[in-house]
Amino acid sequence: MRRLLREFLLAGRGLHGGEEGAVRVRPGEPGAGLFVGRNGTFEPLRPALAVPGTARCTELRLAGGAVRTVEHLLAAVAGCGIRDARLEFEGPEVPILDGSALPWAERLLEVSEPAGAEPPRRDGGVRRLRSGGSWYEATPAARATLEVAYEAAHPWIGRRRAVWGGETGSFVREVAPARTFARWEELEGIFAAGQARGGSLECAVVLGPDGPLGGPLRFPDEPVRHKLLDLLGDLALCGFLPAYRVRAVQPHHAANGRLARLLAENGAGGGADQSAQ
Ligand SMILES: [Zn+2]
């Protein structure tokens, strides 16, 4: 666990809208959890703030206006072990930066210090969720760990698996640097849907038929690591990282959000399996 010592601000263009935005990250009250807001007004981060069913990013509906693409920032906060923080948004979208969580993680580490062990949490029983081709199983654990299986019929993806054991060090080294990706053949549909208007090879990996465009991958399995990063960010919508070992097959934002709701709403007690179509 780490404690923020001072605030910082990061600004830049958003991936989907292409507009300038910024986030001011401030220390939070000890034990209060994660808060989000605009113009100095904050509310507790919780899954109900997320717009359900978004496809290519996670969007929060806040009192002062919606903000898109919060997942990489939230993954960095959770992955770095920051439990108490206030995230203040300016503009319609969180800056995409290099498409990964690394710039956020680096700043968070600079302005924080170790703050002892995680307090024990009392979370619920085994939870399962199925949504189309996606499947999740969450088993209560001493601390949050993630395992993601992801498969795509693409020579640069194939069938992959990524694991995160819950430590800040391995998050920063092995998960945070994995960038947003898109397959070449998806781009036409993405642009036609008005998404990725701020997209470029500086902030995303495009997987072409003959290899990645704009330089080499940071890891041979960078796409599945990014899938894990997105899942981590979406689980942090709970306002904390639920104490579960989560296994996910073909995760995506809309289903990740449903899992976050399931784990937050059934956080304490109970033991029944839950599933939803
Ligand atoms: Zn992402």
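The chain holds 6 helices and 15 strands; helices (H or I, at least four residues) and strands (E, at least two) are DSSP runs, numbered from the N terminus. Its radius of gyration is 17 Å, close to the 19 Å that the globule rule gives for 277 residues, so the chain is as compact as a globular protein of that length. That radius is taken over C-alpha atoms, and the rule is 2.2 Å times the number of residues to the power 0.38. Please keep in mind that this is a predicted model, in which local features need pLDDT of at least 70, side-chain atom pairs count only at pLDDT 80 or more, and totals for chains, interfaces and linings use all residues. Residues are numbered from 1 along each chain as its sequence is written.

**Confidence**

- The chain has a mean pLDDT of 90, and 95% of its residues reach 70 or more; pLDDT is the predictor's confidence in each residue, from 0 to 100.
- Residues 268–277 have pLDDT below 50, and this stretch has 23 contacts in the model beyond near neighbours in sequence.
- Where pLDDT is low, the predicted coordinates should not be read in detail.

**Overall build**

- The C-alpha trace spans about 50 × 40 × 35 Å along the principal axes of the chain.
- Of the 277 residues, 44% count as buried. A residue is buried if 20 or more other C-beta atoms lie within 10 Å of its own, exposed if 12 or fewer, and partly exposed in between, with C-beta atoms placed from the backbone.
- Among contacts between residues at least 6 apart in sequence, 76% join residues at least 24 apart. Two residues are in contact if their C-beta atoms, placed from the backbone, lie within 7 Å.

**The five-stranded sheet**

- An open sheet of 5 strands runs in the order E2-E3-E6-E4-E5, with mixed pairing; two strands pair if DSSP finds at least two bridges between them.
- At its edges are E2 (8–13) and E5 (41–44), each of which pairs on one side only.
- Neighbouring strands in this sheet are turned by 25° against each other on average, direction ignored. Axes are lines fitted to C-alpha atoms, for helices over the stretch in contact, and angles run from 0 to 180 degrees between N-to-C directions.
- E4 (residues 34–38) and E6 (residues 85–90) run parallel and are joined by 4 bridges; Gly-37 has Glu-88 in E6 as its bridge partner.

**The three-stranded sheet**

- E12, E13 and E14 form an open sheet in the order E12-E13-E14, again with mixed pairing.
- E12 and E14 (211–213) are the edge strands with a single partner each, so one side of each is left without a neighbour in the sheet.
- The twist here averages 35° from one strand to the next.
- E12 (residues 181–183) pairs with E13 in the parallel sense over 3 bridges, and Arg-183 stands opposite Leu-207 in E13.
- E13 and E14 run antiparallel, joined by 3 bridges, and Val-206 stands opposite Leu-213 in E14.
- E13 (residues 205–208) has Val-205 and Leu-207 on its covered face, while Val-206 and Gly-208 are on the uncovered one.

**Strand E15 and its partners**

- Tyr-244, Val-246 and Ala-248 make up the covered face of E15 (residues 244–249), and Arg-245, Arg-247 and Val-249 the uncovered one.
- E9 (residues 134–140) pairs with E15 in the antiparallel sense over 6 bridges, with Tyr-136 partnered by Ala-248.
- E10 (residues 145–152) runs parallel to E15 and is joined to it by 5 bridges; Val-148 stands opposite Ala-248.

**Two covered helices**

- In H1 (residues 71–79), 9 of its 9 residues are buried, including His-72, Leu-73 and Val-77.
- The buried residues of H1 pack against E3 (20–27), E4, E6, H2 (102–110), H3 (168–175) and H5.
- Just after H1, Gly-81 takes a positive phi of about 80°.
- H5 (residues 222–235) is mostly covered too, with 14 of its 14 residues buried.
- From first C-alpha to last, H5 reaches 20 Å, close to the 20 Å expected at 1.5 Å a residue; the expected span is 1.5 Å times one less than the number of residues.

**An exposed proline**

- Pro-52 lies in the loop between E5 and H1, and Pro-52 counts as exposed because it has 12 C-beta neighbours inside 10 Å.
- Pro-52 and Ala-243 are 191 residues apart in sequence and 23 Å apart in space, C-alpha to C-alpha.
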